[in-house]
Amino acid sequence: MSTDRDPAAVAEAEPVAGPVGPATDEATEPVPDPAGASDTPDASDTRDASDVPVPDGTPAGDDSGSDTAGPDDPPGQAGETTEAAETTEAAAALSETEAELAAQRELRERIERRKAEKDGPIPAGTKLSGQAADLLAAVRAMESGAPVDPSLLARAAPERASGVPARPRRPEASPGGQGPVPAPSPSSPSSPSSPSSAREHARDDARDPVGTGSAAPSAEGRVTPPEALAAVRAVLGEGGAPEALAGQLCDALGERAADTLRENPWLLLCAPGVRPDQADGFARALLGAACGPGDERRAAALVGRLLERAALRGHTALEASAVREALAGHAVPDPDAAVRHAVAEGAVLVFQDGDQEDGDSGTESGPDAEDAPEAAADRAPTPVLLGLDRYALAEESLADGLTRLVRSGPEADADAEASWAEAAARAASPSAAELIRAVAGHGLVLHTGGEAARAEPVALAGAARALGLRALVAVHSENGRARLGADTGAVTVAGLLEGAQGPGRDAEGAFALDLLVVLDAPQLDVESAAMLVEFLPDTARLVLSGDPGVLWSAGAGRVFGDLLAAGVCPRVASRTPDAGPVGELVSGIGIGELNQVEAPGREVVIVPVRDAGEAVHRTVQLVAESVPRAFGVEPGQTQVITVGHGGSAGTRALNAALKQRLNPGPGAFGGFDPGDSVAYVPAPGRTLQATVVSADTEGLRLDCAGTAVVVPRDRVESAVRHGWALTAHQAAGMRWPAAVVVLPGDAAQGLNRPWVYTAFSRGERHLSVVHGVEQALAHAVTNLPSEDRTTRLRPLLEALPAAEPGR
């Protein structure tokens with residue numbers, strides 16, 4: 001590994017023309033993070049659509065007020081990374097599945113009926129019944145220190161069969177038997193194909209963020225009537241909030257959003273970029289002296305917001321104690337009562353999976369039965385978790401589906417076993433042979449390894465096809481798909497779920513597959529994973545393959561990590577190392593060591609810088625001159641990676657400088673010119689690299705890896721950025737011939753081992769590190785491993801009946 005200290009070693013570039021000054025991130029309020037995880041996912045790359053004045057006069061994405069770092073933040077967490085600064089707006093735009101929406105509608109109707117029946121406040125929960133009463137009793141028992149009756153939680157949780165989990169209902173197949181009839185979904189010319197899947201997960205990207213007065217599609221795919229939008233705008237105007245939020249609030253609250261807002265003004269928090277103090281100002285304007293910090297409506301809205309924001313950091317649930325602490329930081333006078341009210345109203349669900357597991361296990365027997373009470377006393381109590389129903393449903397569904405695959409597995413067949421054994425004998429490496437043998441007898445297999453190890457599951461798919469099985473390889477990105485080559489027939493996970501890529505469906509709506517191999521498995525969020533598993537046939541095999549050292553998914557959950565920890569299926573660890581100096585460096589980082597590596601061909605170069613301005617200058621120099629001259633890699637094949645979007649050396653500043661050098665122009669099309677490299681985000685957590693072709697009245701025309709895409713004019717600002725520089729979270733699952741990792745001095749707080757591991761492993765032939773963080777880099781690699789996200793998948797898997805291998 002060489003260090004560039006001599007200016008002659010890297011040819012001096014021309015001074016960058018134009019301003020390359022600080023670019024401020026739209027900061028968002030930190031969320032409670034009990035795990036202390038610093039690998040904040042860059043769930044999306046969108047700008048704040050609501051950056052307009054709100055009741056307190058502060059722009060809605062500006063956290064300059066007291067909400068910037070509050071009591072809801074563990075020490076040292078506020079401002080930990082800049083990549084999370086812009087996730088709130090796009091993540092709030094995610095539409096839910098039809099099933100989840102139906103459940104929410106039913107829940108709201110039940111709540112409305114209960115409210116209509118009430119003639120006063122709920123006295124100590126005496127008027128509650130069913131699941132709400134059970135959940136409330138469980139919370140109160142836990143808070144009082146008394147043991148929680150497992151039956152309360154068991155009744156609240158969905159029932160599972162003692163054997164193979166019941167098969168989820170699939171949509172009806174189309175008359176031709178080629179697949180299910182897709183759910184109606186709004187057409188969106190902003191993506192290569194409108195997202196529609198057999199599970200009726202229609203994502204709505206065609207919103208009305210600027211309040212044009214036109215009908216806006218709702219999250220359910222229906223069009224919001226103009227009169228509903230007008231009514232919401234009237235309420236917003238009355239409360240002093242920006243009318244531009246009307247479309248987003250109609251999506252979140254439905255056609256009766258105006259009435260709902262009048263009843264609970266704090267539901268303004270459902271709109272992206274709105275802070276609690278701004279919602280307080282809106283509520284005061286509508287309710288006057290009738291509102292206060294202890295208002296139950298305020299508490300319920302805050303609890304939901306805390307959980308939504310936690311999901312942006314990957315958590316599918318939060319400990320009840322963390323939620324109470326955060327509520328206290330928002331001046332809620334009685335956080336305990338606030339949590340109880342949120343549970344009683346159905347705003348959140350409560351879980352205690354570990355205790356439920358123990359309660360279901362029955363009486364112990366065997367030689368250790370006498371020691372069981374002492375062991376139970378020594379065991380730390382399982383915390384009470386609070387979660388949103390969308391993630392609870394996804395984790396429950398995924399756990400059941402994975403168990404179904406494990407238990408139903410491939411049938412024992414002597415001829416088939418012999419064929420698999422022959423395929424394993426012909427494998428190119430011992431690790432590939434081990435993987436083939438594992439898949440031969442199991443319905444679910446995990447495979448871990450680096451970039452070079454990707455060849456093993458790909459070879460497995462080829463061997464399965466040779467045996468007459470229908471096998472498919474799915475990857476995270478189009479970049480990863482292109483790296484595998486056209487002969488593999490690989491698809492992207494998003495394309496497979498949308499129905500745009502991959503095989504057809506059988507009569508039941510399941511994928512017409514016998515084996516699905518998913519690469520880049522750490523990038524699977526819990527909702528995408530649940531959809532994949534749901535549509536696999538009972539007898540299909542599933543292989544999840546990936547590098548556990550990289551950053552986790554942009555969406556909520558930690559599917560691959562939870563499966564590895566649960567140990568419910570075979571795991572094959574590849575022994576194929578990544579070659580070359582870059583591979584050697586990254587392998588050391590994976591075990592917490594930042595080693596010096598020999599790089600005789602300058603495969604790894606360290607470029608020290610003193611400040612952010614020099615970091616930008618040297619980055620442009622490397623991309624435009626040094627790397628092309630030394631390695632013959634064109635500037636378009638060198639990817640710049642940095643910690644966040646804002647700051648004096650974030651993606652905005654770097655992209656401005658790189659555009660000025662590589663493709664100067666006036667930015668006639670909303671800041672873009674033909675030939676610009678851009679990052680297009682059709683949905684949060686999904687980044688597509690593209691090149692600007694042209695623009696017209698329809699929108700911005702892009703070339704996404706050979707696919708023509710038109711981004712509507714009203715979505716360009718929120719969905720498209722220049723893409724010469726990306727964040728590490730955006731770059732996950734992609735690789736380029738060369739990578740330049742930029743670490744300015746203000747990036748130190750955003751670093752940890754997974755971030756460094758991911759960023760440094762994006763270059764295939766060359767890695768340059770523009771280094772300005774001094775010892776913070778080594779500290780991050782050695783002392784800051786990724787912390788677990790708070791999820792429920794692992795205990796759910798461990799609580800399900802054990803599988804019999806091979807069945």
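**Figure 1. Leu542 and its contacts within the largest nonpolar core.** In this predicted model, Leu542 is in contact (heavy atoms within 4.5 Å) with Leu402, Leu405, Gly443, Leu444, Val445, Leu516, Val518, Val533 and Leu536, leaving aside its neighbours within four places in sequence. The largest nonpolar core has 91 residues, and those with the most contacts inside it are Leu236, Leu516 and Leu542. Helix H9, residues 296–312, gives this core its largest share, 8 residues. A second, separate core of 34 residues includes Val582, Leu726, Phe760 and Leu777. Here a nonpolar core is a set of buried Ala, Val, Leu, Ile, Met, Phe, Trp, Tyr and Cys residues joined through side-chain atoms within 4.5 Å, where buried means under 20% relative accessible area, exposed over 50% and partly exposed in between, with a 1.4 Å probe and protein chains only. In soluble globular proteins, nonpolar side chains tend to be buried together.

Figure 2. Helices (H or I, at least four residues) and strands (E, at least two) are DSSP runs, numbered from the N terminus. Because 5 of the 5 residues of S7 are buried, this strand is largely enclosed by the rest of the structure. Leu444, Leu446 and Thr448 are buried on one side, and Val445 and His447 are buried on the other, which leaves both faces of S7 covered. In a regular strand the side chains alternate between the two faces of the sheet. S7 runs parallel to S11, to which 5 bridges join it, and Val445 has Val543 of S11 as its bridge partner. S7 also runs parallel to S12, with 3 bridges between them, and there the partner of His447 is Val572. Two strands pair if DSSP finds at least two bridges between them.

**Figure 3. Helix H21 and what covers it.** Helix H21, residues 559–566, is mostly covered, with 7 of its 8 residues buried. Its buried residues are covered by elements including helix H14 (389–408), strand S7 (444–448) and helix H29 (793–799). Gly567, which follows H21, has a positive phi, near 65°.

**Figure 4. Pro674 in its loop.** Pro674 lies in the loop between helix H24 (651–662) and strand S15 (677–683), and it counts as partly exposed because its relative accessibility is 41%. Not counting residues up to four places away in sequence, Pro674 touches Asn663, Phe669, Val692 and Val693. Pro674 and Val693 are 19 residues apart in sequence, yet 5.0 Å apart in space, C-alpha to C-alpha.

**Notes.** Residues are numbered from 1 along each chain as its sequence is written, and side-chain values use heavy atoms, with hydrogens and water left out. In this predicted model, local features need pLDDT of at least 70 and side-chain atom pairs count only at pLDDT 80 or more, whereas totals for chains, interfaces and linings use all residues.
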